[in-house]
Amino acid sequence: MSKRGYAASKKLLTGLIGAPIAHSASPAMHERAAEALGLRGHYQLIEVAGADATGLRMMLEGVRRLGFAGVNVTYPYKEAVVPLLDALAPDAAAMGAVNTVVVRDSRLTGHNTDTTGFARAVAPLLAPAGNAVAVIGAGGVGKAIAFALASLKVSDIRIFDSEPARAATLVSLLAPRGGARIAASVEDALRGATGLVNGTPVGMLPDRGMPVTAALLHEKMWAADAVYSPLITPLLAAAQAKGARIMTGRELAIYQAADAFELFTGLAPSTEIMGQAFDEVMAARSSAYHAA
């Protein structure tokens, strides 16, 4: 649909399926981007914990029928929605994980903008050559991160997951794209690594844990976190204290949202405006936390 078509319609309806998602900055980012483009946007949080395939199918059927342009999908449903969709974009099909569902002509098509968003965010941290990156977590986010690194020609990707079978599955999926290896432990993953990415929920409030011990971090590496609540997770605080470069979840959140918005509407949003909306949400949350 063209910009004129969206502007003439009652509203641009998008949303997010997942749990817990009350902390999400997505509504502010998408609605502000829509407003800047002259659209009347509403971004609906659809928080349902513990949904099985039947429950997810019902939610997606509502998305199909209720006028949504599309929805984002987050933890814990990025993999569970895959068999429930009508079609998948090539990268989403290859990794078996979806974070964006576009509605067109009553058909639901799955995409993964975590991959494109993370690739845009992490590129400045990568050295021209010799990158060895440890990815902790092989679930929906971990898959997207690993595929993004492969798209950037990172030749040494080490995957660790507390469930070895998940790591093995991800490594097999990456084989046609340059490959990766299973790490036997966090220590194995980080040995000689130039970068570290946390693709797990560890460190997301109210959790204050770390996916790796601080002793494994050092000043010659960089560390990134997919988590953005809080912005400086315990992992990033520890890495910063060791003198390592860090990347918060801010950039991934903004770029994946921008890529999803463009898929929903066909229009390229302002990442600057989305970033301002994100920062305002985080500032308000920080003020509320300290006030409490």
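**Pocket, sheet and a loop residue**

Me: What classes of residue make up the lining of the largest pocket?
Reply: There are 24 nonpolar, 16 polar and five charged residues. Here Ala, Val, Leu, Ile, Met, Phe, Trp, Tyr, Cys and Pro count as nonpolar, Asp, Glu, Lys and Arg as charged, and the others, Gly among them, as polar.

Me: What kind of model is it, and how are residues numbered?
Reply: It's a predicted model, where local features need pLDDT of at least 70 and side-chain atom pairs count only at pLDDT 80 or more, while totals for chains, interfaces and linings use all residues. Numbering runs from 1 along each chain as its sequence is written, and side-chain values use heavy atoms, with hydrogens and water left out.

Me: OK, what volume does the largest pocket have?
Reply: About 900 Å³. A pocket is an open set of points on a 1 Å grid over the protein atoms alone where a 1.4 Å probe fits, with protein on both sides within 12 Å along at least five of seven lines, and lining residues have an atom within 4 Å of a point. The volume is the space filled by probe spheres set on the points, which are joined across faces, edges and corners.

Me: Which residues are closest to its centre?
Reply: Of the 45 lining residues, Thr74, Tyr75, Lys78, Val141 and Pro201 are the closest to the centre.

Me: And which elements give two or more residues to the lining?
Reply: Those are α2 (26-36), β3 (68-73), α6 (140-151) and α10 (250-265). Helices (H or I, at least four residues) and strands (E, at least two) are DSSP runs, numbered from the N terminus.

Me: Where does the pocket lie relative to the domains?
Reply: It lies between domain 1 (11-111 + 251-291) and domain 2 (116-247), because both give residues to the lining. Those bounds come from an automatic or database domain assignment.

Me: Which residues does UniProt annotate as "binding site"?
Reply: The unreviewed entry lists Ser24, Ala25, Ser26, Thr74, Asn99, Asp114, Tyr228 and Gln256. From this set, the pocket lining takes in Ser24, Ser26, Thr74, Asn99, Asp114, Tyr228 and Gln256. UniProt annotations may be inferred rather than shown by experiment; positions are in the numbering used here and feature names are shortened.

Me: Is Ser26 buried or exposed?
Reply: Ser26, in helix α2, is buried, with a relative accessible area of 8%. Buried means under 20%, exposed over 50%, partly exposed in between (1.4 Å probe, protein chains only).

Me: Switching to the sheet: what's the strand order?
Reply: Six strands form an open, parallel sheet in the order β9-β8-β7-β10-β11-β12. The edge strands, β9 (181-182) and β12 (245-247), each pair on one side only. Two strands pair if DSSP finds at least two bridges between them.

Me: How many bridges join β7 to β8?
Reply: Five bridges join β7 (residues 132-136) to β8, running parallel, and Val133 has Ile157 as its bridge partner in β8. Four of the five residues of β8 (residues 156-160) are buried, so that strand is largely enclosed by the rest of the structure.

Me: What about Val133 itself, buried or exposed?
Reply: Val133, in strand β7, is buried, with a relative accessible area of 0%. The C-alpha atoms of Val133 and Arg191 are separated by 9.9 Å, though these residues are 58 apart along the chain.

Me: Where is Arg191 found?
Reply: Arg191 is in the loop between α8 (186-190) and β10, and it's exposed, with a relative accessible area of 55%.
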